[in-house]
Amino acid sequence: MTVLTTERLILRDWTDEPADLARIYDIYSRPEITRWLAVSPGMPMTDPAQAVERLRFWQERHANDQGRYGTWAVEVRETCQVVGTALLKPLPGLDEAVRTEDIETGWHLHPDSWGHGYATEAARALLAREFATGTREIYAVVSPGNEPSMAVARRLGMVHVGQRTDWYGGELLETFVLAAPDA
């Protein structure tokens, strides 16, 4: 199901189709991606079957969100190539089982798709959609040292507010925030 579209991209649900599962595995088996996802157990993936498990995890996590929140495939409209993942969701708290009121956007792109502005374009669309619901601010949390991801947050107009440990079980994260345009 298509969640939203931009000039160049389609954000849609990941599926259990072989091509999607292969791309999930290709992205999340790469150390250059997963080294920044310390809070994600089972990373990097070492077996293609783990893609099915990850897809089910995402589906279960967002089962009651009615499409407002999710972990979506980012597909280039012109080529139909999936370039990565974009997400929008409530941040998990210190115990990781309970959602906070804080909303997070994020992105994980395959290295073959870096440098094209896809993360910024996808996140900008998700930010606009979420702000339209009345959300007052949205966060991006980034592992220290992940300069490319911090650059995306800055391109989105997000303000760096320092390192925080409020979420993901207390992991130290560079924290960026963007206030709603009318705030």
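This is a predicted model: local features need pLDDT of at least 70, side-chain atom pairs count only at pLDDT 80 or more; totals for chains, interfaces and linings use all residues.
An α-helix has 3.6 residues a turn, so residues three or four places apart point the same way.

Strand E2, residues 9–13, runs antiparallel to strand E1, residues 2–5, and the two are joined by three bridges, while a hairpin of three residues connects E1 to E2. Within this pairing, Leu4 has Leu11 of E2 as its bridge partner. Leu11 also belongs to the largest nonpolar core, which has 33 residues and in which Leu11 and Trp107 touch the most other members. Helix H4, residues 118–131, supplies the largest share of this core, namely eight residues. When neighbours within four places in sequence are set aside, the contacts of Leu11 include Ala73, Val74, Ala86, Ala122 and Leu126. A second, separate core of 14 residues includes Trp14, Leu21, Ile27 and Tyr28.

The structure also holds 13 salt bridges. One of them is formed by Arg8 and Glu121, whose closest N and O atoms are 2.6 Å apart. Because Arg8 lies in the loop between E1 and E2 and Glu121 in helix H4, this pair ties together parts that are 113 residues apart in sequence. Arg8 is partly exposed, with a relative accessible area of 30%, whereas Glu121, at 15% relative accessibility, counts as buried. In another salt bridge, the side chains of Glu75 and Arg12 meet at 2.7 Å, N to O; this pair links distant parts of the chain, with Glu75 in strand E3 (residues 70–76) and Arg12 in strand E2, 63 residues apart. Both Glu75 and Arg12 are buried.

A further salt bridge is that between Asp182 and Arg136, with the closest N and O atoms 3.4 Å apart. Since Asp182 lies in the segment after strand E8 (173–179) and Arg136 in the loop between H4 and strand E6 (137–142), the pair ties together parts that are 46 residues apart in sequence. Asp182 counts as exposed at 61% relative accessibility, and Arg136 counts as partly exposed at 44%.

Terms used
Residues are numbered from 1 along each chain as its sequence is written. Side-chain values use heavy atoms; hydrogens and water are left out. Two strands pair if DSSP finds at least two bridges between them. Helices (H or I, at least four residues) and strands (E, at least two) are DSSP runs, numbered from the N terminus. A nonpolar core is a set of buried Ala, Val, Leu, Ile, Met, Phe, Trp, Tyr and Cys residues joined through side-chain atoms within 4.5 Å. Buried means under 20% relative accessible area, exposed over 50%, partly exposed in between (1.4 Å probe, protein chains only). Contact means heavy atoms within 4.5 Å. A salt bridge is a side-chain nitrogen of Lys or Arg within 4 Å of a carboxyl oxygen of Asp or Glu.
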